[in-house]
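User: I have a model open and I'd like to learn how to read its features one by one. Could you walk me through it?

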Amino acid sequence: PLQPPSLPWLPSPPPPSSPLPSLPPPSPSPPPKLTVLSINFACRDVAPLAGCDNCKVRFDLIASAIRGGPGYSGLPDLSSVDVVLAQELGTAEGNFAQITDALAARGFTHTTGSPAPTASDPQCANP
């Protein structure tokens, strides 16, 4: 059989029986960082507490603070928060719409928290 000419400036390939060099194991990636802000609204719009007279006032003040209104201090930096977890917000969504709107203006998306995703919840791609 004919053999190609030898080229001295090219390295010779390893013989077919030589094992390939093993690669180092992959280094583990750090887990993604997720910053969560948890807020307890203490709103229980059920009997005998239904119809309290300060929820609208409180919710308007909270929405103003979220929007960056003057006169508030000690608030977390919402630009570094990924998730806002609202607790004890047991009232109709219309009663806290000003908070939902203020958070939406800051780039957050509202989900209901209902069991399982609802039709109106944003859906993530399945990884």
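Analyst: Let's begin with a definition: a nonpolar core is a set of buried Ala, Val, Leu, Ile, Met, Phe, Trp, Tyr and Cys residues joined through side-chain atoms within 4.5 Å. Buried means under 20% relative accessible area, exposed means over 50%, and partly exposed is in between, with a 1.4 Å probe and protein chains only. Before we go on, this is a predicted model, where local features need pLDDT of at least 70 and side-chain atom pairs count only at pLDDT 80 or more, while totals for chains, interfaces and linings use all residues. Residues are numbered from 1 along each chain as its sequence is written, and side-chain values use heavy atoms, with hydrogens and water left out.

User: Good. Which residues touch the most other members of the largest nonpolar core?

Analyst: The general idea: in soluble globular proteins, nonpolar side chains tend to be buried together. Here the largest core has 14 residues, and F59, I66, L78, V81, I99, L103 and F108 touch the most other members. Strand 1 (36-44), helix 1 (55-66) and helix 2 (97-105) each supply at least two residues of that core, with helix 1 giving the most, 4 residues.

User: What does F108 touch?

Analyst: A contact means heavy atoms within 4.5 Å. Not counting residues up to four places away in sequence, F108 touches L78, V81, D82, V83, V84 and L103.

User: How are the helices and strands called, and in what pattern do they follow along the chain?

Analyst: They're DSSP runs numbered from the N terminus: helices are H or I with at least four residues, strands are E with at least two. This chain has 2 helices and 2 strands, and reading along the sequence gives β-α-β-α.

User: And what percentage of the chain is buried?

Analyst: Buried residues make up 14% of the 127 residues. Among contacts between residues at least 6 apart in sequence, 70% join residues at least 24 apart. For surface, accessible areas come from the Shrake-Rupley method with a 1.4 Å probe, and for residues only the protein chains shown count as cover. The chain exposes about 10200 Å², and carbon and sulfur atoms supply 62% of it.

User: Now pockets. What is the volume of the largest pocket?

Analyst: First, how one is found. On a 1 Å grid over the protein atoms alone, a pocket is an open set of points where a 1.4 Å probe fits, with protein on both sides within 12 Å along at least five of seven lines; lining residues have an atom within 4 Å of a point. Grid points are joined across faces, edges and corners, and a volume is the space filled by probe spheres set on the points. The largest pocket here has a volume of about 550 Å³. Of its 20 lining residues, V84, A86, T109, H110 and T111 are the closest to the centre. Strand 2 (83-90) and helix 2 each supply at least two lining residues, and strand 2 gives the most, 5 residues.

User: How does that lining split by class?

Analyst: Ala, Val, Leu, Ile, Met, Phe, Trp, Tyr, Cys and Pro count as nonpolar, Asp, Glu, Lys and Arg as charged, and the others, Gly among them, as polar. The largest pocket's lining has 11 nonpolar, 7 polar and 2 charged residues.

User: What lines the second largest pocket?

Analyst: That pocket holds about 200 Å³ of space. Its lining is made of L37, I39, L61, I62, A65, I66, L75, P76, L78, L103 and R106. By class, that's 10 nonpolar, no polar and 1 charged. Helix 1 gives the most to this lining, with 4 residues.

User: Last one: where does G68 lie?

Analyst: G68 is in the loop between helix 1 and strand 2. At 55% relative accessibility, G68 counts as exposed.
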